[in-house]
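Have the viewer open as you read.

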Amino acid sequence: MATLHTRSAARLMIAPSVLLLLAWMIVPLAMTIYFSFLRYNLLMPGMEEFAGFSNYSYFLTDPAFFQAIFNTLAIVLGVLFITVVGGIALALLLDQPMFGQGIVRILVIAPFLIMPTVAALVWKNMFMNPVNGLFAWVAKLFGLQPFDFLANAPLMSVILIVAWQWLPFATLILLTALQSLDEEQKEAAQMDGASAWSRFIYLTLPHLSRAITVVILIQTIFLLSVFAEILVTTNGGPGTQSTNLTFLVYAQALLQFDVGGASAGGIIAVILANIVAFFLMRMIGKTLEA
Amino acid sequence: MARNVSTQRKLVITVVAWTIGILIFFPILWTFLTSFKTEAEAIASPPSLLFFEWTTENYFEVQSRSNYFRHFMNSVVVSFGSTLIGLVIAIPSAWAMAFSPTKRTKDVLMWMLSTKMMPSVGVLVPMYLLFRNTGLLDTRTGLVIVLTLINLPIIIWMLYTYFKEIPGEILEAARMDGASLAKEIIYVLTPMAIPGIASTLLLNIILAWNEAFWTLNLSAAKAAPLTAFIASYSSPEGLFYAKLSAASTMAIAPILILGWFSQKQLVRGLTFGAVK
């Protein structure tokens, strides 16, 4: 079908996107690699000098770095766990016949459309605040001491806020997948005497596996670089208790003006993301072909 | 059998689902309601859900405090601008990959997706310096450029999955009838592709509107879109819940409404067509 004429035209049409993305990948990344070997602070312009691997050894021996790695993974895994389990439960519920299904769907989807800074500030002030927050009021109602979420459990609080934002996404995708499950198969299993639980394990869950893979892939991309939620709630603190890798590099670059150190951190973040991406791409590559 | 669900069961499920739905939606509802309270009422204990004196004063105060409309316009320009430019670049590419696929098409698509996996923070420093040195820092143009680049892979993927469903035979027929490449695109492909393009447009406006890494780091007073405008409320300052709520409501309302209309596209776009 493709003649020589259309094939070269096709190349020409793909070229702008490929070149732009290539430039977007290579130019800044090459600069980051270059900076990461310099002693370069924005407050001391003109003092740049070659620093070898000292930025890397500074970053890799910083206790905050290990805390940040741990927090990054905790956020990704915590949110994935809540959203996948919660998403499956919600999708199963919403798949049942009920009155006003469309409206419930609209309600459930809403958090995904909220910009991260708004979501985080609303949760921080109007719900988690230990004095005026709604949670504090509920705690007092039951005669309990209000809990200062962001001071005492900062990482958990960030995970909760982010999970609230992503639960709708997981639900929506799993629900879409669920609706393509053959009704007759379910009925046949039921007639054969399969219990609701075994129908779920042997029929529904395998059917959802592709959708679950996609949820994990997409969410991981975004969750590895959670930023705004941390910036407006805890600012990475107290100490570095809720600092993830993205926030750590941001702080090094734009709060301490340490270009060299931040670049080394950025490169480490890219390497780690690539390790994760390597496995994810193999996963999605398989599911997309299936 | 499964179709004759008893009304009783349906009622129970309705109640449970509505309760959970309202719980999930509650923070947004609460923000909306609080925006019409006075500051004193916003932190009153016990809090009142509906029975308070409604006031719109907060909205005016938010506007006078930091010129909400300028930030709103920044958001509009940045999200629409980056999406439209992205579409112009992506449509030919997606078209070519969908209709003249080669052995490498799959790899090219995968590679494009992989650029999305590079953590933004890895290139924060050079982007910041490049922007500072070229005067793009805190400009709408700068934000449009960055958001175009970060959303381009998603735009291409989404268009690709839509275009692939257009039957190739129709194009061949047009070609046989002597339509040139340009005519083929304008008269045959475009009308069939418009729904897909519209969905892509919608989803990417939502993504760009809510993007909060680059917009926070590369903008200050001048070009700050709503994400950054709201972040300016992050340091507590006396009584501010009602004002925060009003600002938040104004920041999320347009996109919330747009998003509700495009649930299906959301799924399709963000899963790159892998779940239908």
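## Two domains in chain B

How far apart do the C-alpha centres of domain 1 of chain B and domain 2 of chain B lie? They lie 32 Å apart. Domain 1 covers 7-59 and domain 2 covers 68-270, with bounds from an automatic or database domain assignment.

Across that boundary, 11 residues of domain 1 of chain B are in contact with eight residues of domain 2 of chain B (contact: C-beta atoms, placed from the backbone, within 7 Å). On the domain 1 side, α1, α2 (39-42) and α3 (57-66) of chain B each supply at least two residues, and α1(B) gives the largest share, three. Helices here are DSSP runs of H or I, at least four residues, numbered from the N terminus.

## Ground rules

This is a predicted model, so local features need pLDDT of at least 70 and side-chain atom pairs count only at pLDDT 80 or more, while totals for chains, interfaces and linings use all residues. Residues are numbered from 1 along each chain as its sequence is written, and chains are lettered from A and ligands numbered from 1 in the order in which they are written.

## Where the chains meet

Between the chains, 85 residues of chain B are in contact with 87 residues of chain A. Once again α1(B) shows up: 16 residues, the largest share of chain B's side, come from this helix.

## Helix α4 of chain A

Helix α4 (residues 101-109) of chain A has A:Val104, A:Leu107, A:Val108 and A:Ile109 as its buried residues (buried: 20 or more other C-beta atoms within 10 Å of the residue's own, C-beta atoms being placed from the backbone). These pack against α3 (63-94) and α8 (154-179) of chain A, together with α1 (7-34) and α13 (263-270) of chain B.

Note on methods. A residue is buried if 20 or more other C-beta atoms lie within 10 Å of its own, exposed if 12 or fewer, and partly exposed in between; C-beta atoms are placed from the backbone. Two residues are in contact if their C-beta atoms, placed from the backbone, lie within 7 Å.
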